[in-house]
Amino acid sequence: MRILSLSLCLTLVPLAAATAQARPHVYTHADTLRGSGGPDRAWWDVTFYDLHVRISPSDSTIRGWNAISYRVLKPQTEMQIDLQVPLVADSMIQDGHALSFRRDSNAFFVTLSAAQAAGKIKKITIYYHGKPKIARNPPWDGGLIWGGARGRGEARNGRDSLGNLWAATAVEGLGASAWWPLKDIGSDEPDSQRIAITVPDPMLDVSNGRLRSTTHNPDGTTTFEWFVVSPINNYDVEANAGTYAHFSDTYKGEAGKLTLDFWPLAYHLDTAKVQFQQAKSMLACFEHWFGPYPWYADGYKLIEAPHLGMEHQSGVAYGNGYKNGYSGRDLSGTGTGLTWDFIIVHESAHEWWGNNITMKDHSDMWIHESFANYAENLYVECQQGKAAGAKYVIGTRRMVKNDSPIIPAYGVNAEGSGDMYYKGGNMLHTMRQIVNNDEKWRSVLRGLNKTFWHKTVSTAEFEAEFNRLAGINFDKVFEQYLTTTRIPQFEYKIDKDTLSYHWTNVVPGFDMPVSVTLQDGTYTLLHPTEAWKTVAVKLSSPAAFKIDENYYVMAKPVTQ
């Protein structure tokens, strides 16, 4: 989750603002190692991570080990393990023997004792330590968080506002290898994972999945062992260590009884018991639209965090200050956004879009964020009706910058424009109008979550299934909104009782239908292309011509 600052982009804006291009980014060798499925990653498939980390807030260090179980896909003698500077790998062990390894930027290349047979399950254990990157402005600037984020009054210097130690992780974009060694690419998820976090007493750690054991150690620390029985997106793996209170509830959902566990800081317990009630209405809405919550086996948690929030699987990090809106603001400018807690709704939407369906390459982050943004609109609709939901998502267009494409370069861990939120959400809202059948639209959203249940996907795979489920070829729509900075322009002129019209500012072959007024107060669906077309109109005046604002396009009248 990365919500950006406000910038205006209304429907009828000059094209110059919509076509501005960002300066090309120069990618490095390190970027390629981080973002690509290179030969030393491609030959093995992770099956289990057994992660053990000791967190020491007193000196901002961590120490631990991760035992990686993997399936050999084809024989190979070298493997890539990712662990970011300044963390240090102490040793790597397989079959009781120390292995040699070399560092290349944020990756280690490990020499195995011999090529391993395809189909075998093997294990390698990496021991490491160091001072991980400190997140200065999380969650946007990721890493380890010792106390509150910059600009928040809740905590400072590694402690909460009562002086209790508080630490957490938030590494989306930066990568899980900022705090533990692994195969740090989205396309390979373990089938399950243990997360054992040791912290000084009296801190508690809350991580993903379910708590299996609590071990009090003689050195004044406690180890909390959490276990995730489902595949997990690696940037979602979390540690949250602080002075927590706990309360629980259950939700009767589509797949049976879902456990709800809430972990606020102890002094926020009463406030949390009120604010966190919104989780149930969120679950009811999203199960209706998207299908069953994907992690019944691991439960649902909200965990107070020293940063704004993050979609950590089965353990959503919450830092919205127990306010409605986005830290008390309405991103849509409509007032509607102040009637619900943005972080509970947006971050929980990622349990479907991002955690259940996960991008293979970071460039496809739009699959996570466009749908989570669109889910905000659906939540408003669930609570206040379809018109209110539409008003909300249309209102967020003022946040669109059109500064760079939503999908950037592949294979270099690149992240596209922040327009993946508001522009992406409005693209989906536009597509709903084209489908023009709410039950069909619901079946598309639910069908995607069923087809890609607990899977990783590419944009090509995702779009092909979207088209199949919708029964409509949206290829040009996806291409227009995701790979360019241009908003389709409906160029038209009215001469007496004739409307002439066509698309401009579009990719070749763009033929998206759009609804317009051909007579006062009544909308009719047209099928513009780049070639001029004509149709009869019965309007009281040219000023009565309108495009349905539910379509995210621009209108430009011409006189010639």
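Helix 10 and helix 11 are oblique to each other in this predicted model. The reason is the angle between them: helix 10 (residues 438-451) and helix 11 (residues 459-470) pack at about 140 degrees, with their axes 9 Å apart. An angle over 145 degrees would count as roughly antiparallel, but this pair is oblique. The crossing of helix 10 and helix 11 is right-handed. On the helix 10 side, the contact is made by K440, W441, V444, G447, L448 and T451, and on the helix 11 side by F462, E465, F466, R468, L469 and A470. Sorted by class, the contact of helix 10 with helix 11 has 7 nonpolar, 2 polar and 3 charged residues.

Helix 10 also packs against helix 9 (residues 419-435), at an angle of about 130 degrees and with the axes 8 Å apart. That angle makes helix 9 oblique to helix 10. Here, the crossing is right-handed. Helix 9 brings L428, M431, R432 and V435 to the contact, while helix 10 brings D438, K440 and W441. These residues divide into 4 nonpolar, no polar and 3 charged.

| Helix pair | Angle | Axis separation |
|---|---|---|
| Helix 9 and helix 10 | about 130 degrees | 8 Å |
| Helix 10 and helix 11 | about 140 degrees | 9 Å |

Now for helix 11 itself. With 12 residues at 1.5 Å a residue, helix 11 should span 16 Å, and its end C-alpha atoms are 16 Å apart, which agrees. Which residues of helix 11 are buried? They are T459, F462, E463, E465, F466, N467, L469 and A470. Their cover includes strand 23 (357-359), helix 7 (366-384), helix 9, helix 10, strand 24 (455-457) and helix 12 (475-483).

Most residues other than glycine have a negative phi, and most peptide bonds are trans. N505 is another non-glycine residue with a positive phi, near 60 degrees. Its loop runs between strand 26 (498-504) and strand 27 (514-519). N505 counts as buried because its relative accessibility is 16%, and the cut-off for buried is under 20%.

There are cis peptide bonds to find as well. One joins V85 and P86, with omega about 10 degrees, and P86 lies in the loop between strand 3 (78-82) and strand 4 (88-94). Another runs from D201 to P202, with omega near 5 degrees; P202 is in the loop between strand 13 (192-200) and strand 14 (204-206).

Finally, N137 belongs to the loop between strand 8 (121-130) and strand 9 (143-146). N137 is partly exposed, with a relative accessible area of 22%. From N137 to V72 is 65 residues in sequence and 39 Å in space, C-alpha to C-alpha.

Notes: Residues are numbered from 1 along each chain as its sequence is written. This is a predicted model: local features need pLDDT of at least 70, side-chain atom pairs count only at pLDDT 80 or more; totals for chains, interfaces and linings use all residues. Side-chain values use heavy atoms; hydrogens and water are left out. Axes are lines fitted to C-alpha atoms, for helices over the stretch in contact, and angles run from 0 to 180 degrees between N-to-C directions. Helices (H or I, at least four residues) and strands (E, at least two) are DSSP runs, numbered from the N terminus. Angles under 35 degrees count as roughly parallel, over 145 as roughly antiparallel, 65 to 115 as roughly perpendicular and the rest as oblique. A crossing is left-handed if the near helix is turned anticlockwise from the far one by less than a right angle, and right-handed if clockwise. Contact means heavy atoms within 4.5 Å. Ala, Val, Leu, Ile, Met, Phe, Trp, Tyr, Cys and Pro count as nonpolar, Asp, Glu, Lys and Arg as charged, and the others, Gly among them, as polar. The expected span of a helix is 1.5 Å times one less than its number of residues. Buried means under 20% relative accessible area, exposed over 50%, partly exposed in between (1.4 Å probe, protein chains only).
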